[in-house]
Amino acid sequence: MKKSTRELIINLIALSGLLIVPLWAQVTDNPFTITLATKVAIFALAGVGLNIALGLGGLVSLGHAAFFGIGGYAVGILASHAQTYEPLMEWPFLIEGTKLMPIMWVVALVTSALAALVIGALSLRTSGIYFIMVTLAFGQMFYYFTISWPAYGGEDGLSIYVRNSFPGLNTLVPLQFFGICFVLLIICLFINWRIIHSTFGLALNAARQSQERVETVGLNPFRMRLIAFTISGAITGLAGALFADLNRFVSPAMFSWQTSGEILVFVILGGVSYLCGPLVGAAVFILLEHYLGGLSEYWHIYLGALLLVVVLFAKGGIIGALSGKGAAHG
Amino acid sequence: MADPILETRKLTKRFGALAANEDVSIDLRSNEIHAIIGPNGAGKSTLIKQICGGLKPDSGDVLISGETVTAHNTQQRSARGLGRTFQISALAMQDSVLENAVLGVIGRLGKRLSLFSNALKNSEFVEPALKALEQAGLEKQLDYKASELSHGERRQLELAIALTLSPKAFIMDEPMAGLGAGGTKQMTEVLSELRFQAPILLVEHDMDAVFALADRISVLVYGRVIACGTVDEIRNDPAVREAYLGNAA
């Protein structure tokens, strides 16, 4: 069997698995499992965002928590203003809170994209270890800013009293909220797939391998990377918005460097630059957290061991190993 | 007389006390192959880098069709018509031969960079790429990864990418290096025809190929052009024989 066919089959199994598990949980009346599946979908979405920067652009960002957190706080802040009926601002134009998810998603996408554009414009002037450090520094800036910003809960975070609404659906029903997250994941996977095969994707992918080559044909690698980083940040921001609604709570922890690290782990575990790598990685992460977390508080030790095995012996992550393709790039 | 396609005026580049290039003035005219020869360390690579934009000269200018491009970076010079091939292959090694060539077409059509149009299913990109690969003799290796190609085939791919750019001038850094006898012969035939498509500035160590191909030769020694002329003039120039060719020629 062709290796790309095998990858396609793995992708279909992963996606249908993510769909079947909560449906089955619905039948057996197990809402907790649905919540776990929702978490997988949201983390996978955050990973899909990072994978556009990391897999295609070769940009190791340790600051994607910034976008995850911005998406989350966009939802938290808008919801809190809707709760109190106090507008966010009255001048020069009126902005009021809202409880409508689609509006919140747009706000989350736009704000995290803007943040990624600014952070990218500054950090993409560096590369390698310096890029990792600069993105980490930006993430930490947001983290400490939210801790010391009393207007929206500071260190204590901000509660969302009722899950926000989506026209025609009851988002309080776990399966319906899962459905929303699943559909958004599919849409973003589709966008990612189209980008990979686009002229932009081909050029960005080549820029990762040989910057000189891309410049010599007259293309601007910096500009391409900035566009990729912005799209990447926006998708991770959308994931943050959904995460806020899943927990009905946002806190500075969303901005912490551990969050950035976890998003990186999803992608590396599943397989960098593989379309469904983040999904497989996030699913394994949640399963480990659930089952090993029951055995020991220190389950991260096992996660660390697994990560070592993957990085040392299966450089293409789980999908790379299962499809026989190995590292999609070295 | 019309402006030369490519011209350098008194290019000078020093690394500390070492003058890698000093007052290098050369030009490239239509339908010619202008070869740059010189012993190792003569400053050929430094010259190429300054022409293509990777290295900023200390003084002097680079002109493309009479327009000064000294302040322009690599990608701007490429957009103005320079098609470069590298001494050490600069390819997207994990991409297929076809993808590498399509990259060149994408570069030429630069402003149409799209997030959604499928690069390999769009004839606007694929057809010029296929044509260039055919001209370079790689039409049978389309699906190979660049990393799977032999050394000689990578040279051909370098050439194919340069062809997709439809440049005004080719800058070729040792296109024969590492090719076998057959490969050198084939490349010589391709380049010989190519000069009528766009002139070629050729840096090459293979003297047989240079003497077979070049309309003019400039000899670079210790960063200076010590002679410039036709093949016969260079062969018989005593300074060149002294400095470079020894008694072998």
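**I200(B) and its surroundings**

Let me start with one residue. Setting aside neighbours within four places in sequence, I200(B) is in contact with I33(B), F170(B), M172(B), L191(B), L194(B) and R195(B). Keep in mind that this is a predicted model.

Where does I200(B) lie? It lies in strand 8 of chain B, residues 200-203. Along the chain, G83(B) and I200(B) are 117 residues apart. Their C-alpha atoms are separated by 9.3 Å.

Next, a sheet in chain B. Four strands form it, and it is open. The order is 2-1-4-5, with antiparallel pairing. Which strands sit at the edges? Strand 2, residues 18-28, and strand 5, residues 67-68. Each of these pairs on one side only. Strand 1 covers residues 6-15. Seven bridges join strand 1 to strand 2, and the two run antiparallel.

Now chain A. It has 13 helices and two strands. The C-alpha trace spans about 55 × 50 × 40 Å along its principal axes. What about the radius of gyration of chain A? It is 20 Å. A compact globule of 330 residues would come out near 20 Å, so the value agrees. Buried residues make up 52% of the 330 in chain A. Then contacts. Take those in chain A with a separation of 6 or more: 74% of them join residues 24 or more positions apart.

Technical notes
Residues numbered from 1 in each chain as written. Chains lettered and ligands numbered in written order. Predicted model: local features only at pLDDT ≥ 70, side-chain atom pairs only at ≥ 80, totals over all residues. Rg over C-alpha atoms; globule rule 2.2 N^0.38 Å. Buried ≥ 20, exposed ≤ 12 C-beta atoms within 10 Å, placed from the backbone. Contact = placed C-beta atoms within 7 Å. Pairing = 2+ DSSP bridges.
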